[in-house]
Amino acid sequence: MFSPSRTSPKPVTGGAFAKLVTAGSSVKQAHGRGILKRWAIRLVAVVAALAVLWVLFLVTVRIATTQMWFDSVQQGPVYRTMVEAQILLFIIFAVIGSLVSGLTFLAIRRIKSPLFFSQDDDTIRWIFRKYEPKVSRLIVALVVVIPGILVGRSAANGWQTYLMWRHATPWHATDPLFHKDLSFFIEVYPFHAMLVSLLSQALSYALWIAVVGGYWYGAWRLRRGGRKVTREFTRLLSVLLGGYLLLKAANYWLARYALTTSTAHGPVTGPSYTDVHAGLPSLVTLTIVAFVLALVLLANGLLAESILPLGRFTPRGRVRVIALALVPMLIASAVIGSAWPGLVYKYREAPSAASLDLSEIVHNQTATNAAFDLDDDITTVPYNPPTSTSGATLVKLASSTAQASVIDPNQLSPTFNVEQQLRAYYGFKSTLDIGNYEIGGKSQDVALAVRELKTGSIPKSSWVNSHLVYTHGYGVVAAPTNQVDPKTESPVYLDGGNPPSQEIPVTQPDVYFGPSLGSSSYAIVGQPAGSTEQLEFDHPGANGSSKSAYTTYTGNGGIPIGSTLRRLLFAVQDSDPNILFSSEINSASQLLTLRDPRARVAKLAPWLTLDGDVYPAVVGGHIEWVVDGYTTSSNYPDSQLINLRSASRTTLTANGASISQASTQVNYMQNSVKAVVDAYTGKVTLYEWNQAQHPDPLLKTWEAVYPGLVQPQSSIPSALLSELRYPTDLFNVQRTLLAKYHVTQPASFYSGNDFWTVPTDPTIASSQSINSTSSSTTTSSVSTAALPSRYSSMSADGFGAQRYSLSSPMVTLNGQQLAAFVSVDAQPGPDYGKFTLLEYPSASGGESPAQVQNDIESNTAITEALTLQRGGNSSVVLGDLEAIPVAGRMLYVEPVYTQSSGSASFPVLRHVIALYANGDPSFENTLGAAIATAIESTTG
């Protein structure tokens with residue numbers, strides 16, 4: 001029987017065994033690295049997913065808590081309208097951005113014959129092509145998602161533009177150039193421009209993806225090899241550039257309408273001679289050029305080679321077409337878009353501007369006056385003094401036609417703080433508000449301040465004290481502006497003290513909402529029905545008693561946070577876990593948040609521009625905060641563009657006493673809304689304002705967006721109506737414009753010889769000089785700011801009855817002479833909003849505020865007295881220089897206070913300076929004596 005021979009196995013030598021062991025070890029290590037890599041990828045994916053979920057959770061929390069806030073002010077539908085518009089715009093344009101970018105990237109990846117490159121020629125791209133399949137999904141995701149998010153976010157930010165376009169309201173007035181309804185320029189055109197901008201943004205991202213992606217995927221190169229670009233890439237680039245030029249053509253077409261607010265060439269805002277005769281034709285020409293070249297590029301990219309007129313095109317030929325399209329576009333932009341208008345301006349308009357620009361000035365004057373409510377209700381009075389009036393008659397007239405002030409609202413807040421603060425955790429605004437109330441049957445100007453809570457001064461600061469115990473301020477303090485206590489030389493308080501005197505009755509003194517409570521301040525208040533626990537500190541005991549009063553908030557202006565879920569949401573939103581874990585919070589607790597009245601109105605109506613001065617009013621025993629709201633635009637045809645911050649800037653905004661406006665350009669501004677915030681409940685109510693006399697189509701548009709948000713003026717309670725007033729920022733803007741637009745003749749307007757200017761506040765630099773211990777003083781930015789306008793009861797012409805007014809002197813351009821005095825009726829009634837412009841003759845005008853202050857400082861007796869007042873540890877505080885028209889001349893009144901050093905010091909009235917007409921300044925201890933002496937010095 002055959003049996004196969006057995007071969008003995010060869011013995012394993014030491015070297016072979018070592019190799020086997022090494023190979024096994026390498027396999028194990030590779031396997032281990034694979035496991036680690038997979039786990040690392042999983043860990044990264046989990047972390048990324050958690051990060052995305054956390055972001056989504058935070059967004060959900062923000063939306064949910066914001067919705068609760070809107071529900072707390074009974075305006076939930078308003079927020080839903082805002083969110084729906086943002087979501088709609090985001091989705092639409094995110095899809096467009098993602099689609100354009102995704103299709104572009106797909107076209108790059110699917111190039112059939114990419115350029116060849118070896119590892120030696122192009123190592124970096126070779127490595128990318130080798131490992132690209134492993135990360136292709138990540139690349140696709142980034143290329144699709146990021147552009148979509150960026151374009152969608154830009155679109156969502158334009159939600160107000162979208163809503164305004166969707167609800168555009170006819171204005172029934174047209175512009176003089178295109179003869180289109182004004183609503184097109186203000187409400188429609190901005191949305192069209194936004195659409196073109198968003199689509200251009202999406203195409204820009206696609207172009208970047210095409211160029212960058214094309215490089216990595218071998219669609220083009222700059223060096224090595226004969227072929228530099230693929231056919232597919234040139235066609236793709238042609239299509240993208242063609243689409244971009246189509247949008248450029250649309251942009252040129254829309255840019256024609258921007259000429260109505262052009263500031264490029266003419267002396268005023270609006271289409272100048274150059275804009276009409278060169279700018280407009282150039283934009284039409286560029287539109288045609290861009291459109292034709294866009295068609296060429298699209299044909300270059302979409303049509304097959306055999307269809308093209310040049311026959312079978314190579315990639316290089318298509319590149320030439322791209323260049324032949326882009327270069328003419330660039331040349332046309334430079335020559336037609338820039339050089340042509342520039343030459344017309346230099347050789348035609350500029351040499352003859354005095355005649356060519358007159359029609360533009362006429363259109364600008366008409367539009368500006370209409371856009372800023374200066375087109376009517378202005379009475380101009382040539383102001384000349386009577387030939388013979390006795391001193392006694394003038395003194396009597398001065399006392400009957402005006403309530404001259406010795407309580408300077410910009411200086412005496414420290415006096416209110418020291419004398420009426422009650423406790424260190426209370427305080428007042430740095431500038432007092434001037435209102436007008438009926439006291440004892442007479443109209444009386446009153447300095448009014450609300451005793452607000454100062455959260456930074458709460459004793460024994462803790463979370464419970466800061467948010468549950470010390471939750472509100474208490475009461476108001478009021479004093480007449482034209483008198484002081486002769487014994488103490490301090491204000492005569494109509495309301496104040498503890499227990500409080502109440503010439504102006506206040507039945508609900510608790511102040512849970514006020515300007516001093518910043519955006520991060522919140523309080524948690526409320527107790528269940530039937531509870532007798534009172535955790536909130538109300539006010540200190542009367543007459544020095546150590547027994548303080550406590551209370552419980554019973555309003556409904558907060559957000560209910562009794563449930564655990566709501567507490568969790570707000571704990572996350574406010575980054576404060578105490579809201580979730582505090583045992584002091586109960587089922588009836590309410591969260592009072594966003595307690596600054598101006599911030600509350602801004603959140604509810606972001607389409608309004610708000611006045612910087614929020615003022616209190618006592619209405620039916622309740623304290624209300626009034627916020628003036630403006631509808632504004634920068635697209636009103638032919639109206640003068642101004643910088644809102646610069647035009648409304650005064651010493652009060654410069655030193656932070658009043659909120660500065662945003663540094664933005666506007667050429668339309670209407671005070672169409674009065675917003676009222678209840679200091680106890682936080683309820684926000686928006687009222688239409690002055691629509692019967694000055695209808696505002698822009699307000700109608702926003703009322704169509706938010707039906708029921710703005711209440712009709714007829715629903716304003718009569719007690720509130722009497723305490724409303726003409727807004728400060730609007731008046732400051734209007735006086736800035738009146739400095740030029742009081743000139744009605746176009747030729748005179750062009751020359752500018754009769755222009756005025758708003759005077760600077762001369763008391764700032766004077767105070768610094770008086771109190772300076774050195775021979776040199778520095779000029780601060782505050783001292784160069786404009787003189788604040790003033791609220792006071794006065795006669796508009798210096799002869800008639802008093803009316804509560806807002807006023808300001810105006811000076812010649814060199815600031816040396818008084819040019820005019822402008823005042824507006826600030827009290828609701830048939831004459832509300834009517835301007836009186838007292839014009840002084842240029843030859844015999846009165847002295848400007850700067851000249852008056854110089855006269856005061858040049859008076860030896862006054863300067864010596866002020867030097868003595870400054871002795872020791874005291875400093876001199878100069879009140880505002882108040883200008884009052886009296887019988888054809890100007891009466892200036894300046895109170896003089898002294899203030900000792902120390903944290904508890906405050907200004908005390910010591911003297912009153914007065915100057916009438918061109919006479920000498922008087923320096924007396926009382927207001928009446930100062931006015932009488934000043935007037936008598938001019939009459940002999």
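Good morning. Helices here are DSSP runs of H or I with at least four residues, numbered from the N terminus. By that definition, valine 95 is found in helix 2. Please bear in mind throughout that this is a predicted model.

Helix 2 supplies the largest share, with seven residues.

I now turn to the strands. Strand 27, residues 818-825, is mostly covered, as eight of its eight residues are buried. On one side of the account we have strand 26, residues 803-812, which pairs with strand 27 in the antiparallel sense over seven bridges. Within that pairing, serine 805 has aspartate 825 as its bridge partner. Five residues lie between the two strands of this hairpin, where glycine 815 takes a positive phi near 75°. Strand 27 also pairs with strand 28, residues 835-839, again in the antiparallel sense, over five bridges. There, valine 822 stands opposite leucine 837.

The charged side chains come next. How many salt bridges does the structure hold? The count is twelve. One of them joins arginine 803 and aspartate 825, at 2.9 Å from N to O. This pair links strand 26 to strand 27 across 22 residues. Arginine 803 is partly exposed, with a relative accessible area of 31%, whereas aspartate 825 is buried at 8%.

A further salt bridge connects glutamate 882 with arginine 790, at 3.7 Å from N to O. Because glutamate 882 lies in strand 30 (residues 882-886) and arginine 790 in strand 25, the pair ties together parts that are 92 residues apart in sequence. Are these two partners buried or exposed? Glutamate 882 is buried, at 2% relative accessible area, and arginine 790 is buried as well, at 13%. The contacts of arginine 790 include Ser405, Asp408, Pro409, Ser805 and Asp880.

Finally, lysine 429 forms a salt bridge with aspartate 433, with the closest N and O atoms 3.0 Å apart. Aspartate 433 counts as buried because its relative accessibility is 4%, and the cut-off for that class is under 20%.

Thank you for your attention.

Terms used
Residues numbered from 1 in each chain as written. Predicted model: local features only at pLDDT ≥ 70, side-chain atom pairs only at ≥ 80, totals over all residues. Heavy atoms only, no water. Buried < 20%, exposed > 50% of the residue type's maximum accessible area, 1.4 Å probe, protein only. Pairing = 2+ DSSP bridges. Contact = heavy atoms within 4.5 Å. Salt bridge = Lys/Arg side-chain N within 4 Å of Asp/Glu carboxyl O. Lists of a residue's contacts leave out its neighbours within four places in sequence.
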